[in-house]
Structures are given as structure tokens and as C-alpha cells.
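Student: Hi! Could you walk me through this structure? I'm new to it.

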Amino acid sequence: MTFEPGQDRRAADEARLADQAGRWRSRSRRVHLYRRLLPILIVVLAGGALTWTVFRTVMSGVEREASAAKEIRLDNPMFHGQDAAGRSFIIGAEGAVRDPATGRFRLNGPVLRLNLGGTKVTEMTADAGIYNEAERTVTIGPNVRISDGGSGFTLTTPEAVVDTATGVVTGDKGVEGRGPLGTISATSYAIHEQGQRVVFSGSGDNKVRGTIAPASGE
């Protein structure tokens with residue numbers, strides 16, 4: 001059985017058309033499917049994002065409440081201790097909050113008194129502070145005021161760090177001093193031996209400067 005050349009071309013064209021029609025129908029089905037699925041997928045993703053946001057917000061609130069519930073708040077607390085030389089100190093405050101995560105106390109209106117058992121009392125006050133009982137340090141500020149009962153000298157500084165193990169008080173954010181002997185300003189300071197020795201330091205343009213009071217007779 002033989003076919004004419006015209007019949008072969010027609011059969012080939014019909015086969016090509018049938019193949020193209022099949023591809024078009026397949027593509028049309030995919031497009032139709034995507035048109036139905038994409039809106040659903042968008043709704044699912046948007047709903048998931050919204051649900052996650054609400055979940056995190058609620059969980060953050062729960063975590064904050066749980067953390068706040070674990071905090072220990074004290075009114076007018078008073079901490080007593082001794083340094084390595086057996087000298088006493090007292091750390092008081094208008095209020096304190098113990099952070100359960102770090103064990104540190106956030107102090108409001110702290111008042112520190114060093115060497116209450118001796119003849120001299122060095123007293124320090126500030127607006128706020130942190131008492132790290134484990135590391136035996138107290139950092140207070142701002143508006144620190146240090147008064148020495150023995151010399152009558154008063155220091156004002158933005159911050160003071162008290163090492164309750166040694167009794168040494170240090171600060172490196174500037175200091176102004178005033179007392180019977182005159183005035184002094186410096187970049188940093190260190191108070192040793194419960195106020196018996198005070199070292200002022202400066203560098204560059206921030207030299208140690210001071211005046212001698214006329215009343216001192218110097």
C-alpha cells in the first residue's frame with residue numbers, strides 16, 4: 001500500500017497540530033491549577049506570618065511577666081559586709097531589684113558607708129547603682145558624691161566603682177574635689193585605705209588641676 005506525497009504532508013500536519021493541541025491543553029491545565037493554588041498559598045503564608053507574629057508577641061509578654069515575677073524587690077535594703085582587712089561596709093538603698101539571671105542588685109538611691117568601725121566614715125551617694133555580690137563590686141552613678149568624714153573633703157563624679165574586697169574606690173570619668181585645703185579636678189581618681197590616700201590622675205589636656213585655699217595658710 002502506497003501514499004501520495006500530498007497525503008503524507010497532510011498526515012504530518014495533522015500530527016503536528018494534534019501534538020501542539022495536546023501541549024496547549026496541558027499548559028492550560030497547569031495555568032488553571034496555578035490560578036487556584038496560588039491564592040490559597042498566599043493566604044496560607046500570610047496567615048502563617050500573622051500567626052507567628054501574634055505567637056511571638058504573646059510569648060514575649062509571657063517571658064517578661066515570668067522574668068518580672070522572678071525578680072526580688074526590696075524596699076530600703078541594707079547589705080552588710082567586710083573587706084579583706086576586716087573593715088566593715090554597709091550598702092543601703094531606697095530600693096533594690098535582684099535580677100534572677102545575673103544575681104545582681106539594681107539599686108535606687110544607693111548609700112555606701114565604709115569603715116563604720118573606725119574613726120573615719122567615707123560615705124557615697126548616687127542616683128542609682130549595681131551591686132554585684134559575686135564579684136564583690138558596687139558601681140554607682142550618676143551624680144556620685146563622696147564625702148570623707150576625716151578630712152572634710154568632698155568629691156563629685158559621674159561614676160564610682162567600689163571593690164568591697166579591698167575597699168578601694170576608683171573612677172575614670174572625671175572628678176571634682178572640694179575641701180578645707182582647696183579644690184582639685186582630675187580625669188580619674190583612686191581612694192585607698194578608707195580615704196587615707198587619694199590618688200588623682202590626668203593625661204593630655206586633662207591635667208590634674210587644683211587651688212590651695214587661703215584659709216589653709218599655704
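Predicted model: local features only at pLDDT ≥ 70, side-chain atom pairs only at ≥ 80, totals over all residues.

Student: Where do aspartate 13 and arginine 16 sit relative to each other in helix α1?

Tutor: They are 3 residues apart in helix α1, so about one helical turn separates aspartate 13 from arginine 16.

Student: And is aspartate 13 buried, exposed or partly exposed?

Tutor: Aspartate 13 has 32% relative accessibility, so it counts as partly exposed. Arginine 16 is partly exposed too, at 45%.

Student: Okay, which residue does arginine 113 form a salt bridge with?

Tutor: Its partner is glutamate 123, and the closest N and O atoms are 2.8 Å apart. This pair links distant parts of the chain: arginine 113 is in strand β6 (residues 111-114) and glutamate 123 is in strand β7 (residues 122-125), 10 residues apart. Arginine 113 is partly exposed because its relative accessible area is 31%, and glutamate 123 is partly exposed at 25%.

Student: What about glutamate 159, what does its side chain meet?

Tutor: The side chain of glutamate 159 meets that of lysine 173 in a salt bridge, at 3.2 Å from N to O. Here both partners are in loops: glutamate 159 lies between β11 (154-157) and β12 (160-163), while lysine 173 lies between β13 (169-171) and β14 (175-179). They are 14 residues apart, and the pair links distant parts of the chain. Glutamate 159 has 23% relative accessibility, so it counts as partly exposed.

Student: New topic! Which residues gather in a patch of positive charge on the surface?

Tutor: Those are Arg25, Arg27, Arg29 and Arg30. Arginine 30 lies in helix α1, which covers residues 5-70. Arginine 30 counts as partly exposed because its relative accessibility is 42%.

Student: Now the rings. How many aromatic pairs are there?

Tutor: There are 4 aromatic pairs. Among them is the stacked pair of phenylalanine 105 and tyrosine 131, 6.3 Å centre to centre with 25° between the planes. This pair also links distant parts of the chain, with phenylalanine 105 in strand β5 (residues 105-108) and tyrosine 131 in strand β8 (residues 128-132), 26 residues apart.

Student: Are phenylalanine 105 and tyrosine 131 buried or exposed?

Tutor: Both phenylalanine 105 and tyrosine 131 are buried. Together with Phe79, they form one aromatic cluster.

Methods: Residues numbered from 1 in each chain as written. Heavy atoms only, no water. Patch = residues over 30% accessible without salt bridge, like charges linked within 9 Å, V, L, I, M, F, W, Y side chains within 5 Å. Areas by Shrake-Rupley, 256 points an atom, 1.4 Å probe, with all protein chains shown as cover. Salt bridge = Lys/Arg side-chain N within 4 Å of Asp/Glu carboxyl O. Lys, Arg positive; Asp, Glu negative; His and termini not counted. Charge placed at Lys NZ, Arg CZ, Asp CG, Glu CD. Helix = DSSP H or I, 4+ residues; strand = E, 2+ residues; numbered from the N terminus. Buried < 20%, exposed > 50% of the residue type's maximum accessible area, 1.4 Å probe, protein only. Phe/Tyr/Trp six-rings, centres within 6.5 Å; stacked < 30°, edge-to-face > 60°.
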